[in-house]
Amino acid sequence: MQFRRKNYLTKKRYQFRMLGLIAAIVFFATAVSILATHYFMWQSIVKIVFETGKYPPVWELMRATNRPLYIVIPIVFVFLAILVIFISHRIAGPIYRLKQSMEKVGEGDFSVRLKFRKTDEIQDVADSFNKMVERLEEKEKGEGRGEKKR
């Protein structure tokens with residue numbers, strides 16, 4: 001049996017924040033590209049007009065518009081790479097700690113408690129995990145004293 005997802009916004013705050021972040025990155029990259037292109041184009045026009053007294057030929061303007069690509073694209077790429085690493089760290093780090101804690105509980109260590117930073121995205125998962133471990137620990141102590149299993 002296959003379930004179809006009906007609600008695509010499961011963590012609205014997180015999803016809208018990621019959407020806003022992606023929109024901001026696209027806006028930033030576009031603005032930097034446009035500004036750099038215009039800067040180099042106007043710089044070429046002014047330089048050629050000042051030196052020759054004539055408007056520059058089309059090929060010179062085309063070359064001026066391609067010049068910022070060699071500067072802007074690597075900068076945007078590095079910025080995006082850093083951002084992806086930062087975002088993945090905020091998600092993958094807590095998931096890795098959750099996995100380690102689950103393995104310890106599976107081995108019978110009920111003293112494990114998860115504590116994430118308030119800014120981590122899965123703080124609610126840590127709270128649920130801690131409640132589960134507390135209940136398992138209580139159940140284990142109850143069975144250890146000879147109480148009946150349910």
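R113, E134 and E137 are joined in a network of salt bridges, a salt bridge being a side-chain nitrogen of Lys or Arg within 4 Å of a carboxyl oxygen of Asp or Glu. The model is predicted, so that local features need pLDDT of at least 70 and side-chain atom pairs count only at pLDDT 80 or more, while totals for chains, interfaces and linings use all residues. Residues are numbered from 1 along each chain as its sequence is written, and side-chain values use heavy atoms, with hydrogens and water left out.

Helices (H or I, at least four residues) and strands (E, at least two) are DSSP runs, numbered from the N terminus. The side chains of E137 and R113 also meet in a salt bridge, at 2.9 Å from N to O. This pair too links distant parts of the chain, with E137 in helix α4 and R113 in the loop between α3 and α4, 24 residues apart. R113 is partly exposed, at 35% relative accessibility; buried means under 20% relative accessible area, exposed over 50%, and partly exposed in between (1.4 Å probe, protein chains only). E134 is partly exposed as well, with a relative accessible area of 37%, and E137 is partly exposed at 23% relative accessibility.

By the stated rule, the count comes to 3 salt bridges. One of them is formed by K99 with E103, whose closest N and O atoms are 2.9 Å apart. Both K99 and E103 lie in helix α3, and their separation of 4 residues is about one turn of the helix. An α-helix has 3.6 residues a turn, so residues three or four places apart point the same way. K99 counts as partly exposed because its relative accessible area is 48%, and E103 counts as partly exposed because its relative accessible area is 42%.

N130 is placed in helix α4 and is buried, with a relative accessible area of 12%. When neighbours within four places in sequence are left aside, N130 is in contact (heavy atoms within 4.5 Å) with R113 and L114.

As regards the overall architecture, the protein has 4 helices and 0 strands, and from the N terminus on the elements run α-α-α-α. Of the 150 residues in the protein, 23% are buried. Among contacts with a separation of 6 or more, 53% are accounted for by residues 24 or more positions apart. The accessible surface comes to about 12400 Å², of which 65% belongs to carbon and sulfur atoms; accessible areas come from the Shrake-Rupley method with a 1.4 Å probe, and for residues only the protein chains shown count as cover.

Helix α1 (residues 12–52) has 41 residues and reaches 59 Å from its first C-alpha to its last, close to the 60 Å expected at 1.5 Å a residue. The expected span is 1.5 Å times one less than the number of residues in the helix. The buried residues of α1 are Y14, M18, I25, A29, A36, F40, S44, I45 and I48, and the buried residues of this helix pack against α2 and α3. A29 is 51 residues from L80 in sequence, yet the two are 9.6 Å apart in space, C-alpha to C-alpha. L80 has its place in helix α3 (residues 69–106) and is partly exposed, at 32% relative accessibility. α1 is followed by G53, which has a positive phi near 80 degrees.

A nonpolar patch on the surface is formed by L9, F16 and L19, with about 290 Å² of accessible area together. Patches are made of residues with over 30% relative accessible area and no salt bridge, with like charges joined within 9 Å and nonpolar side chains (Val, Leu, Ile, Met, Phe, Trp, Tyr) within 5 Å. L9 is found in the segment before α1 and is partly exposed, with a relative accessible area of 34%.

The mean pLDDT of the protein is 80, and 89% of its residues reach 70 or more, pLDDT being the predictor's confidence in each residue, from 0 to 100.
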